[in-house]
Amino acid sequence: MEFGSGFKYCIIHQFSSGSLESIPAVLGQFWNRQLTRPQRIRTVGRKLIKKHEQDEPRPLYMDFQATTPMDPRVLDAMLPYQVNYYGNPHSRTHAYGWESESAMETARKQQVADLIGADPREIIFTSGATESNNMAIKGVARFYKAKKRHVITTQTEHKCVLDSCRILESEGFDVTYLPVQNSGLLDLELLEASIRTDTSLVSVMTVNNEIGVKQPIKEIGQICRSKGVFFHTDAAQAVGKIPISISDWKIDLMSISGHKIYGPKGVGALYVRRRPRVRLEPIQNGGGQERGLRSGTVPTPLAVGLGAACSIAQEEMEYDHQRVSMLANRLVQKVMSEIPDVIMNGDPEQRYPGCINLSFAYVEGESLLMALKDVALSSGSACTSASLEPSYVLRAIGADEDLAHSSIRFGIGRFTTEEEVDYTAEKCIEQVHRLREMSPLWEMSQEGIDLKSINWTQH
Amino acid sequence: MAAAARSQVMSLYRTMLRESAKFPSYNYRNYALRRVRDAFKANRNVEDPKAVERLMEEGWQTLALIQRQGESETSQQTSLN
């Protein structure tokens, strides 16, 4: 018994001293003496992982529009710059700075020249697509404010774009929020009619993060170029997933986000056209880095990660697109064939296949999310999920209130497997049936009552 | 050269699959296995020896990457609290 309590004391002591490497030293006294030290650490490591997974299995990840896991190849490219080559890329006087700078410039060129067809001098590293959007919208509008005071955007843009426009309105600008059709696509004639002589900027996102709709960017770019208006697009969800060419599409400004393309979080980029030159008033002032448009030390490991993510995305675009389309079709076919009254929000053709937004009639979205608790899903975007209102994007495409409340967004990405998709589909079907059994609205609709004809307030 | 390389290619393929199976994370493991299989399948008819050489080189580097990442993932997951 003394032996037993001593053993326990040893274990507790080792745990509390915080060093994991000492556990094998303790356990090794009692078994597995033949293993070498690294092997023992690995064995214990694997045992700890398995224990962790047995205690708390983690949900399947089906929310690729919120963020994406980092590709191991990206992490591999970043690690040396986190550990060994830690210099400031703007230090001109020593090797640490030079090697850091050369990595940053390779990322700029590797990322840029290959993926969107731009010149490396046109890429500015930022802290993410939100910062890029802020810079583009506020920067361009403020620079040209002497003669041009009108900005055009759509109602389905990301919150950072809408909020930047709201700030511009408070500064005295005129902002037009264009409505979208029921398919989620912008009406090109309406856009053309809305452009005035004092319009400085049009901002339309390439692929919507909530419903996956792909806007006709080529045509919009054509219209803007012909009218002499700058065209900004938030391509955070599109870069690396669909082929983009800034010259074919006549884009003047483009926002890129790192963590949507299997890269690190905390980095993004802004493409700013040089010919014809787009001038911006910088938001972040300081030492003049990044051509004076965004001062501050460029985080080399993150920039390298973004570059690696972009070059991997370019190589894998075809393969990923085929696979994601196949999985998305599989999911939608399975769900829609087994459950009636399911509506896919957004245009069925002009979309990125990996973002599927389904509305299940007569079922509340939050309750379905909670029922599908071992799948990580979302209803509405992550930025607006704190409020109780249904998503403004769904409202903008004209979805009924009740359908907007019962929408779920399925995100499929590079790492999704067929088993995950099948499991999600089956679980979804099962839970929707169960929730509909409990729903009085479903009963009423089964009896043939038209729910829209009911007058709910009876007193 | 190509004939001798066939056994090397098969050996690289088997080693890559073995190392890919060691990823602790379900998603990474399946992706690595699938991607390695599909990449070898897609390139199975490449004849030009220079291209074969280049692809083999990429394969060796990817193998080293898989080994590094599998190791670091294991050791990183232990400090998960």
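Both faces of strand E8 of chain A are covered in this predicted model: Gly268(A), Leu270(A) and Val272(A) lie on one side, Ala269(A) and Tyr271(A) lie on the other, and all are buried. Here, buried means under 20% relative accessible area, exposed means over 50%, and partly exposed lies in between, with a 1.4 Å probe and protein chains only. Strands (E, at least two residues) and helices (H or I, at least four residues) are DSSP runs numbered from the N terminus.

Strand E2 (residues 123-126) of chain A pairs with E8(A) in the antiparallel sense over 4 bridges, and Ile124(A) has Leu270(A) as its bridge partner in E8(A). Strand E7 (residues 253-257) of chain A is likewise antiparallel to E8(A), over 5 bridges. Opposite Ser257(A) stands Gly268(A) in E8(A).

Strand E3 (residues 150-154) of chain A is mostly covered, with 5 of its 5 residues buried. His150(A), Ile152(A) and Thr154(A) point one way from E3(A), while Val151(A) and Thr153(A) point the other way. E3(A) runs parallel to strand E4 (residues 174-178) of chain A, to which 5 bridges join it; Val151(A) stands opposite Val175(A) in E4(A). With helix H7 (residues 159-170) of chain A, E3(A) and E4(A) make a right-handed β-α-β unit. Right-handed means that, with the strands pointing away from the viewer, the path from the first strand over the helix to the second runs clockwise. Strand E5 (residues 199-203) of chain A is also parallel to E3(A), joined by 4 bridges, and Ser203(A) in E5(A) is the bridge partner of Thr153(A).

The next topic is the nonpolar core, a set of buried Ala, Val, Leu, Ile, Met, Phe, Trp, Tyr and Cys residues joined through side-chain atoms within 4.5 Å. In soluble globular proteins, nonpolar side chains tend to be buried together. The largest core has 87 residues, of which Ile116(A), Ile244(A), Met254(A), Phe360(A), Phe410(A) and Ile412(A) touch the most other members. Helix H10 (residues 300-338) of chain A gives the most to this core, with 14 residues. Domain 1 (72-312) and domain 2 (317-447) of chain A both give residues to the core, so it lies between them; the domain bounds come from an automatic or database domain assignment. A second, separate core of 21 residues includes Val151(A), Cys160(A), Leu201(A) and Leu270(A).

For the whole of chain A, the secondary structure comes to 15 helices and 12 strands, and 53% of the 459 residues count as buried. Chain B has 3 helices and 0 strands, in the pattern α-α-α along the sequence. Buried residues make up 36% of the 81 residues in chain B.

Confidence is given by pLDDT, the predictor's confidence in each residue, from 0 to 100. Chain A has a mean pLDDT of 87, and 85% of its residues reach 70 or more.

Residues are numbered from 1 along each chain as its sequence is written, and chains are lettered from A and ligands numbered from 1 in the order in which they are written. In this predicted model, local features need pLDDT of at least 70, side-chain atom pairs count only at pLDDT 80 or more, and totals for chains, interfaces and linings use all residues, while side-chain values use heavy atoms, with hydrogens and water left out.

Note on methods. Pairing = 2+ DSSP bridges.
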